[in-house]
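My notes follow in the order I looked.

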Amino acid sequence: MSEELLSPGVRAAPRQACPAEMEGAGTASHRRQPGRPRSERASRAITRAALELLLDGMSVDALSVEAIAARAGVGKATLYRRWPNKEAVLMEALESLAEPQTGGAGGGVLGELTAIVEEFCRWAEESRSARLLPRLIGAPGLRGHYLRLVIDPRVAAIREVLGRGVHRGVLAAGSDVETLTTLIVGSVLCGLVLCEEAPTWNPADRAAHIVDHALAGHLTDQAASRTA
């Protein structure tokens, strides 16, 4: 998959179960059919073509095997030797978007959280893979697969830092980590999902704004003295 579909690397972190796990169950069925080895070049061309057609504005419903094969420059038989249908092609194509999650650049809990949110904002604004999310809203199985691969690692990283903040006394003991995580993630994704428009803010400024507002009233005196 071409590098422009990916965003800066991020490290997968342990996470709690999320609704995405309920979607797209049994995705193992998208694996390629057994048989003699096939050309990896053709396979990559097919999966790349499927994603590019979605990025060009074609809906999942309108997407066809014929369109994918034509965009990839292969025959339908070549595609069908690898996958049984377009959904299976897309399932495997989405796997190319999985990214390792890296933590923040230090600076304590608040600095690390802000760095993670900044990367998330930058991804939402600049990455072509982010533009796929609105295209998958009407396809629960594909959406769930995408969320697990692309969004969940970022959510888990934010949740882990917030939990650490409560444990270390940076955030008030009664702070609801799940609610704060949802507030931060929703702030990043809202415009992308509802408006399909990239924000106009600088990612660093936007991240600082989101973190400041999300944690308002949750920072302890200890945290306030560190940031004063």
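This is a predicted model: local features need pLDDT of at least 70, side-chain atom pairs count only at pLDDT 80 or more; totals for chains, interfaces and linings use all residues.

Arg122 has a relative accessible area of 28%, so I logged Arg122 as partly exposed. Next I looked for its partner. Glu126 forms a salt bridge with Arg122, and their closest N and O atoms are 3.7 Å apart. The cut-off for such a pair is 4 Å. Glu126 comes out as exposed, at 52% relative accessibility. Both residues sit in helix H5, which spans residues 108-126. They are four residues apart there, which means a separation of about one helical turn.

I then asked how many salt bridges a search of the whole structure finds. The count is nine. I took two further pairs in detail.

**Arg71 and Glu52**

I found a salt bridge between Arg71 and Glu52, with the closest N and O atoms 3.5 Å apart. Arg71 belongs to helix H2 (residues 65-72) and Glu52 to helix H1 (residues 40-55), so this pair ties together parts 19 residues apart in sequence. Is Glu52 buried or exposed? Glu52 is buried, with a relative accessible area of 18%. The cut-off for buried is under 20%. Arg71 is partly exposed, at 37%. I also noted a network of salt bridges that links Glu52, Asp56 and Arg71.

**Lys76 and Glu66**

Lys76 forms a salt bridge with Glu66. Their closest N and O atoms are 3.3 Å apart. Lys76 lies in helix H3 (residues 76-80), whereas Glu66 lies in helix H2, so the pair ties together parts ten residues apart in sequence. I checked accessibility for both residues. Lys76 is partly exposed, with a relative accessible area of 39%. Glu66 is partly exposed too, with 43%.

**H4 against H7**

Last, I turned to helix packing. I looked up helix H4 (residues 86-95) and helix H7 (residues 140-167). Their axes are 9 Å apart, and the packing angle is about 10°. Angles under 35 degrees count as roughly parallel, so H4 is roughly parallel to H7.

Which residues of H4 and H7 meet? From H4 I listed Glu87, Leu90, Met91, Leu94 and Glu95. From H7 I listed Gly141, Leu142, His145, Tyr146 and Leu149. I sorted the H4 contact with H7 by class: six residues are nonpolar, two are polar and two are charged.

Methods. Residues are numbered from 1 along each chain as its sequence is written. Side-chain values use heavy atoms; hydrogens and water are left out. Axes are lines fitted to C-alpha atoms, for helices over the stretch in contact, and angles run from 0 to 180 degrees between N-to-C directions. Helices (H or I, at least four residues) and strands (E, at least two) are DSSP runs, numbered from the N terminus. Angles under 35 degrees count as roughly parallel, over 145 as roughly antiparallel, 65 to 115 as roughly perpendicular and the rest as oblique. Contact means heavy atoms within 4.5 Å. Ala, Val, Leu, Ile, Met, Phe, Trp, Tyr, Cys and Pro count as nonpolar, Asp, Glu, Lys and Arg as charged, and the others, Gly among them, as polar. A salt bridge is a side-chain nitrogen of Lys or Arg within 4 Å of a carboxyl oxygen of Asp or Glu. Buried means under 20% relative accessible area, exposed over 50%, partly exposed in between (1.4 Å probe, protein chains only).
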